[in-house]
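Subject: Structure handover and notes

Hello,

Please find the structure below, followed by my notes on it.

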Amino acid sequence: MADSLQQHKRGPCRSAWLRARKARPQLVLSRRPRRRLKHLRWCARRRLRRRLLQAQAAGADWRDVACQVSHTDEARRPKTAAPNPAPSATATPVAAPSRPGSALLPIPPVRPVGPGRALLLLPVQQGFTFSGICRVTCLYGQVQVFGFNISQGQPAQDVFSTYTHSHLTINAVRYSMPEKSKKEIKREARTLLKSHLNLDDRCWSMQNFSPLCSIVLLEHLKTSTVKFITSYPGLSYIFTQESPTFQINTEGLALRSVGIKREKKKKGLLLSKSALSTLEELVNVSCEEVDGCPIILVCGSQDVGKSTFNRYLINQLLNSVSCVDYLECDLGQTEFTPPGCISLLNVTEPILGPPFSHQRTPQKMVYYGKTSCKNDYENYIEIIKYVFSSYKRESPLIINTMGWVLDEGLLLLIDLIRLLSPSHVIQFSSAHSKYMPALTPGYVDDKDGLYTKSKSKIRNQGFKLAEFAENLEFADEEKESLVVFTGHKLMRVHSEFAFRITPRNRELHNKILRDLAVLGYLGQLQPPVPKPLSPLHGLTPYQVPFNAVALRITHSDVAPTHILYAVNASWVGLCKILDDVRGYTNGPILLAQTPICDCLGFGICRGIDMEKRLYHILTPVPPEELRTVNCLLVGAVSIPHCVFKNQRGLEGTIPYITTDYNFKLPGASEKVGAREPEERHRGKLHPKSKLYRK
């Protein structure tokens, strides 16, 4: 004890930094505060250490406190010499450390409120950018996430801020203040927090509460889909990434227990001025309902932010309308379904994550079978006609298009504009994208498409769509109301995203996103949390007789003797055709041509029993819908390799994995055995198709 007292008295000769580090090793100062410590007195150093420990216990950012305290102590210290000129009398005073009740906090404070729960206080016009997944509940005030407003009293929202897309930000929104005193407002907020927080947490919230402040509860989120995706090696980084410089403080530990991490603001989503103005105008048009529900077609080259814009627009519209329709025309990067589909959905819930986090059942869907429509354009157009015929024009429609806008892709886009007759065309461009002409009504009217011819149109007069309307299968009364269209309004958006994708790695990046979409769909097979994860080989498949369904390989020609080899261990579309296949006693039943028919879902053909003549299908489609399935379509969309190679619980030889593979077999690769454009595509396709038996 005497030695410790003597060492304590010799404090001015020792560094206060060493004593602070000995007392609390987690406190690490930067170089500038440590340099300032040399000029402080012994009492000022003790005061600094005490404030550092207090800030550490309170969960504040003690680095800012250390800098502010050092500034304050230097200002209080008498100047024995003046090597520098005296400060001006009008100099701005140094900001004091953040005190309870301050109007604007330098950093949104975070406080742990239990295992896997954290409380976030957001002053007005401040944001919290993060990575990871969590459940967000607005306890008081109003916040906005990815364009969707979350107010107090609304249900919690699941938010996915992944590393494959731009990080999301929770922004505090200015809300209307009631004509009450500050004391009454605090009493109202305390009452709302009573059912969610204990007394200590409520007191801390009220001490840091300021006018127009929003209080957000962040909770740990674990869904069956996330558990399924992260169970495969190498895919856990999509949701969480460990930082080598992780700060061990109260805030970092609280966020880590929730499953998120604070990110820099520049890593979040930043929309350009043209995008924001376009969003505002589209929301106003959708809410006015003067000219009916708008049809918004979004187009542009690859990697310019079309999908991100569509998600943000859907969330903005859901703040004002009850539902939004979405027509997916992009085969490679689909939003709500696995790749290779053209679908129509009615969206009623916000989209707060990437596509693989919100796989949904469409209102109408057709399985095209490939991620590109090259060499099969007319079939692509016919499928879009078939799906678009289900649009009832009761809510705004957003149409997503492919990123292929050169040569034949541009002509195909002109055909789509003439076919769908959108009221607004949103054309994206960026500094790195290739030149694309402005798709004005005059340009579209004077340009020939792949299958449509240009027309001369009188100024301010609509053009008739009789040649398309008769093929869209509308009712008679609907055709009469859809005969005349007045062209579209072109809106240009310049994208300013920080692109990390290059033409060299774009294909690999897109393949990863397609695999994640398939895994997100297969995650629906897993039991709900908190039940343990079940490997796919441990789930019970459905038994489907050979004579109950017809088969068709959509993307290549396969010999009838090898058709079952192509179906086994493949991704299959579960479809419904108009033909009756029950009259065939044996099987398999093969289709002579690819039909345009409804797709009810997808599955994996786990195996084929040749003795009992059964297909073993693993699918999340409910049994009541499976009763109507009578067709299996196999396309070029494959099952991710990790599903075969990294199944847990398997020992010895892995099924369906081999090193002795013959690529010369028809259908064994995309290049060998690829089907040429068929002559029948020159005429109109019909949902019915001819059958023949093996």
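Strand β24 (residues 614–618) is mostly covered, with five of its five residues buried. Here buried means under 20% relative accessible area, exposed over 50%, and partly exposed in between (1.4 Å probe, protein chains only). Strands (E, at least two residues) and helices (H or I, at least four) are DSSP runs, numbered from the N terminus. This is a predicted model, in which local features need pLDDT of at least 70 and side-chain atom pairs count only at pLDDT 80 or more, while totals for chains, interfaces and linings use all residues. Residues are numbered from 1 along each chain as its sequence is written, and side-chain values use heavy atoms, with hydrogens and water left out.

In a regular strand the side chains alternate between the two faces of the sheet. Both faces of β24 are covered: Leu 614, His 616 and Leu 618 are buried on one side, and Tyr 615 and Ile 617 are buried on the other.

As for partners, two strands pair if DSSP finds at least two bridges between them. Strand β19 (residues 542–545) is joined to β24 by four bridges and runs antiparallel to it; Val 544 stands opposite Tyr 615 there. Strand β23 (residues 598–609) is also antiparallel to β24, with five bridges, and Asp 609 has Leu 614 as its bridge partner. The hairpin of β23 and β24 has four residues between the strands, and Arg 613 in this hairpin takes a positive phi near 55 degrees.

Strand β25 (residues 631–634) is likewise covered on both faces, with Cys 631 and Leu 633 buried on one side and Leu 632 and Val 634 buried on the other. Strand β20 (residues 550–553) pairs with β25 in the parallel sense over four bridges, and Leu 551 stands opposite Leu 632. The pairing of β21 with β25 is antiparallel, again over four bridges, and Val 572 has Val 634 as its bridge partner.

For their angles, axes are lines fitted to C-alpha atoms, for helices over the stretch in contact, and angles run from 0 to 180 degrees between N-to-C directions. Contact means heavy atoms within 4.5 Å.

The axes of α12 (residues 377–388) and α13 (residues 408–420) come within 11 Å and cross at roughly 25 degrees. That makes α12 roughly parallel to α13 (angles under 35 degrees count as roughly parallel, over 145 as roughly antiparallel, 65 to 115 as roughly perpendicular and the rest as oblique). The crossing is right-handed, a term for the near helix being turned clockwise from the far one by less than a right angle. On the α12 side the contact residues are Tyr 377, Tyr 380, Ile 381, Ile 384, Lys 385 and Phe 388, and they meet Glu 408, Leu 412, Asp 415, Leu 416, Leu 419 and Leu 420 in α13. These residues divide into nine nonpolar, no polar and three charged (Ala, Val, Leu, Ile, Met, Phe, Trp, Tyr, Cys and Pro count as nonpolar, Asp, Glu, Lys and Arg as charged, and the others, Gly among them, as polar).

Finally, some backbone points. Most residues other than glycine have a negative phi, and most peptide bonds are trans. The bond from Val 529 to Pro 530 is cis, with omega near 15 degrees, and Pro 530 is in the loop between α17 (506–522) and β19. Asp 303 has a positive phi of about 60 degrees; this residue is in the loop between β10 (295–299) and α11 (306–318) and is partly exposed, at 21% relative accessible area. Ala 569 also has a positive phi, near 60 degrees, in the loop between α18 (563–567) and β21 (571–576). At 18% relative accessibility, Ala 569 counts as buried.

Regards
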